[in-house]
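Student: I have a structure to go through and would like to know what each term in its description rests on. Please show it first.

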Amino acid sequence: MKIILDANIFISAFFWKGNPQRVIDRVTDGLDDLFMSMEILEEITEVINRPKFNVDKKEIENYISGIKKITKFINPSEQINASRDIKDNKYLECAVMANADYIISGDIHLLELKKHNEIIILKAKEYLDIVECLNNI
């Protein structure tokens, strides 16, 4: 599957593992293709560096480096204004450019869309349930 992950999936995986980490593990295992723009990577970097998280800079550097290794970077050319939160449109733009199957998110503004074009927007657990179901067919 071609997937887009929003920043909160990466942040959740970093701090709490769980389903967000399982989704990232699928990419690492070669089961899914992860696409991202530099704008998305910048958001992940900005969020994880927030003082409230108090994360060691070297640990952040290693995490971002790991993300870069498993990601296919693209430069979206189409501007989309479908989300109530304009900061979330970058995920839709990236997904359209990548011809993605899914956007995996924990963000209410993206999730409320449910779908953009033919791209399904859902939570990590929902995605894992779908791919598990497909594997059992």
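Tutor: A helix here is a DSSP run of H or I with at least four residues, a strand is a run of E with at least two, and both are numbered from the N terminus. I130 belongs to such a run, helix α7. The model is predicted: local features need pLDDT of at least 70 and side-chain atom pairs count only at pLDDT 80 or more, while totals for chains, interfaces and linings use all residues. Residues are numbered from 1 along each chain as its sequence is written, and side-chain values use heavy atoms, with hydrogens and water left out.

Student: Why is I130 called partly exposed?

Tutor: Buried means under 20% relative accessible area and exposed means over 50%, with partly exposed in between (1.4 Å probe, protein chains only). I130 has 28%, so the term is partly exposed. Apart from residues up to four places away in sequence, I130 touches Y102 and L122; contact is heavy atoms within 4.5 Å.

Student: And what makes N99 exposed?

Tutor: Its relative accessible area is 55%, which is over the 50% limit, so N99 counts as exposed. N99 sits in the loop between α5 (89-98) and β4 (102-104). Its C-alpha atom is 9.0 Å from that of E118, 19 residues apart along the chain.

Student: What makes β3 and β5 edge strands?

Tutor: The open sheet has six strands in the order β3-β2-β1-β4-β6-β5, with mixed pairing. Each of β3 and β5 (115-116) pairs on one side only. Helix α5 packs on this sheet, touching β1, β2, β4, β5 and β6 (119-122), at about 165° to β1. Helix α2 (residues 18-28) lies across β1, β2 and β4, at about 140° to β1. Such angles run from 0 to 180 degrees between N-to-C directions of axes fitted to C-alpha atoms, for helices over the stretch in contact.

Student: Which residues of α2 are called buried, and what covers them?

Tutor: P20, Q21, V23, I24, R26 and V27 are the buried ones. Their cover includes β1, α1, β2, α4 (57-70), β4 and α7 (124-135).

Student: What makes a set of residues a nonpolar core?

Tutor: Its members are buried Ala, Val, Leu, Ile, Met, Phe, Trp, Tyr and Cys residues joined through side-chain atoms within 4.5 Å. The largest has 45 residues, of which I3, I4, L5, F10, I44 and I104 touch the most other members. Helix α1 (residues 7-16) gives the largest share, six residues. Beyond four places in sequence, the contacts of I104 include I3, I4, L5, V23 and Y127.

Student: What is the volume of the largest pocket, and which residues are closest to its centre?

Tutor: A pocket is an open set of points on a 1 Å grid over the protein atoms alone, with protein on both sides within 12 Å along at least five of seven lines; lining residues have an atom within 4 Å of a point. The volume, about 270 Å³, is the space filled by probe spheres set on the points. There are 16 lining residues, and A7, E43, V47, R50 and D107 are closest to the centre.

Conventions
Pairing = 2+ DSSP bridges. 1 Å grid on protein atoms, 1.4 Å probe; cavity = no way out; pocket = protein on both sides within 12 Å on 5 of 7 lines; lining within 4 Å.
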